[in-house]
Amino acid sequence: MSSNTLPIRASKRYYELDWLRVILILAVFLHHVFMPFNGDDWHITNTDSSKLLDDIMVYFEQIRLPVLFFIAGAGSYLLLQRASAWAFLKNKLLRLVVPFFVGMMLIVPPQEYFEHPEQYNGLMDAYRQRLLAFEPNHLWFLEFLIVFMCIAIPVNAWLRSAMGGAFTMWIARIARFRLGLFALVLFIIAIRCWLKATTVNEGHGIDNLALSAFYGLFFLSGLLFMSSPNLWQSLALHRRTSATAMAVCSCLFYAYYLIDFSNYASLEVRWALWWVMCSLVSWSAMLTLTGYASAYCISSPAWLRTANSLIFPFYILHQTIIVTLAYYIVQWPTTISVKSITLLVVSFAICAASCYVIIRPFTLTRRLFGMKPLPPAQH
């Protein structure tokens with residue numbers, strides 16, 4: 001297939017969003033499976049760690065979430081074209097806010113227990129103390145989505161205005177150039193470095209302006225790109241250029257990551273360069289993944305439709321299941337490879353089975369975990 005030709009879609013649904021959503025959530029799952037073994041101070045930490053594993057994981061940290069926020073923005077635009085602003089808000093209330101609070105109250109407390117078992121008189125005591133603590137933990141991603149979805153409504157209205165239309169056409173003209181889409185990362189770099197230098201940026205809360213603005217720009221980019229057929233098509237048309245840019249940025253990233261520049265630049269300059277490298281990888285990866293997915297992921301097999309429907313409750317459950325199992329597995333007198341593979345297989349099986357057998361069949365559990373209600377015939 002030529003880079004200048006695209007396949008004809010079988011329907012108006014953007015199946016690439018489904019493919020990317022499932023793949024990226026599974027990537028988040030893999031990241032958390034390997035966290036006990038990479039040497040970071042995570043909830044559960046193995047005695048031994050792998051430097052190579054850490055070197056690999058730090059790269060993919062720059063890719064998963066920015067692309068997830070981008071496709072969330074694109075999906076929000078599509079939903080806003082089919083529903084009123086009120087219907088959109090109601091949908092997000094049921095499918096984001098409810099599972100966010102259910103997750104904080106019922107799913108997150110065991111993580112605190114297994115991280116600090118000496119502080120509690122058993123798991124039920126941890127629930128008693130943490131039930132109303134409303135600690136997002138890994139569900140901070142949902143907190144960001146809730147805020148971004150509210151922002152999506154006025155942004156969508158602006159994109160429909162004359163000014164918004166003119167802005168979209170201007171971006172579309174830039175996108176005609178081979179590196180036009182890639183050049184847009186300069187704005188993201190400028191905003192990110194400025195906020196990193198001028199604001200307090202600790203933790204994963206929405207009040208971390210540097211983090212929320214960075215992910216927010218990817219979300220807004222998804223809205224913008226999906227609002228223009230020409231812009232969205234440019235992702236696939238320039239996918240090879242984007243892949244080349246991603247390869248170059250990845251080489252620069254690891255060159256900077258592995259080489260000690262402490263004798264050549266101040267700490268502030270080195271941090272600024274680090275955020276530049278991270279942003280380059282994030283943006284080029286987004287262009288590449290969405291470009292190739294748009295070109296080739298133009299249909300949806302039955303397994304993908306099932307996986308896409310279950311991927312949200314899978315995300316809500318996965319870290320608690322991983323932390324619970326890891327607490328016991330890291331105590332085994334065996335190698336990192338045996339422990340990590342065991343944790344991978346067993347935690348995936350439990351997550352998938354829980355979603356398919358416990359959550360999927362019942363209306364109440366579907367609503368609590370953000371799934372669409374069952375069609376009337378399936379009640």
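How many disulfides does the count come to? In this predicted model, the count is zero disulfides. A disulfide is a covalent bond between the sulfur atoms of two cysteines. To count here, the two sulfur atoms must lie within 2.5 Å. Take cysteine 251 as a test case: the closest cysteine sulfur belongs to cysteine 249 and is 9.3 Å away, which is too far for a bond. Cysteine 355 is in no disulfide either, since the sulfur of cysteine 351, the nearest one, is 6.5 Å from its own. These two cysteines also sit in contrasting surroundings. Cysteine 251 is exposed, with a relative accessible area of 56%, whereas cysteine 355 is buried, at 1% relative accessibility.

Now step back to the whole protein. Its secondary structure consists of 17 helices and zero strands. The radius of gyration is 21 Å, close to the 21 Å that the globule rule gives for 379 residues, so the protein is as compact as a globular protein of that length. Along the principal axes, the C-alpha atoms fill a box of roughly 65 × 60 × 40 Å. Of the contacts with a separation of 6 or more, 79% are between residues 24 or more positions apart.

What lies inside? Of the 379 residues, 48% count as buried. In soluble globular proteins, nonpolar side chains tend to be buried together. Here, the largest nonpolar core has 108 residues, and Phe69, Leu142, Tyr215, Phe225 and Trp283 touch the most other members. Helix H15, spanning residues 302–329, supplies the largest share of this core, with 14 residues.

Threonine 241 is found in helix H13, which covers residues 239–258. Is threonine 241 buried or exposed? At 13% relative accessibility, threonine 241 counts as buried. Its side chain is joined to that of arginine 178 by a polar contact of 3.4 Å. Not counting residues up to four places away in sequence, threonine 241 touches Arg178 and Leu179.

Finally, how confident is the predictor? The mean pLDDT of the protein is 93, and 96% of its residues reach 70 or more. Over residues 7–11, however, the pLDDT is below 50, and this stretch has 10 contacts in the model beyond near neighbours in sequence.

Notes:
Residues are numbered from 1 along each chain as its sequence is written. This is a predicted model: local features need pLDDT of at least 70, side-chain atom pairs count only at pLDDT 80 or more; totals for chains, interfaces and linings use all residues. Side-chain values use heavy atoms; hydrogens and water are left out. Buried means under 20% relative accessible area, exposed over 50%, partly exposed in between (1.4 Å probe, protein chains only). pLDDT is the predictor's confidence in each residue, from 0 to 100. Contact means heavy atoms within 4.5 Å. A nonpolar core is a set of buried Ala, Val, Leu, Ile, Met, Phe, Trp, Tyr and Cys residues joined through side-chain atoms within 4.5 Å. Helices (H or I, at least four residues) and strands (E, at least two) are DSSP runs, numbered from the N terminus. A polar contact is a pair of N or O atoms within 3.5 Å; within protein, one must be able to donate a hydrogen and the other to accept it, and residues adjacent in sequence count only if both atoms are side-chain atoms. The radius of gyration is taken over C-alpha atoms; the globule rule is 2.2 Å times the number of residues to the power 0.38.
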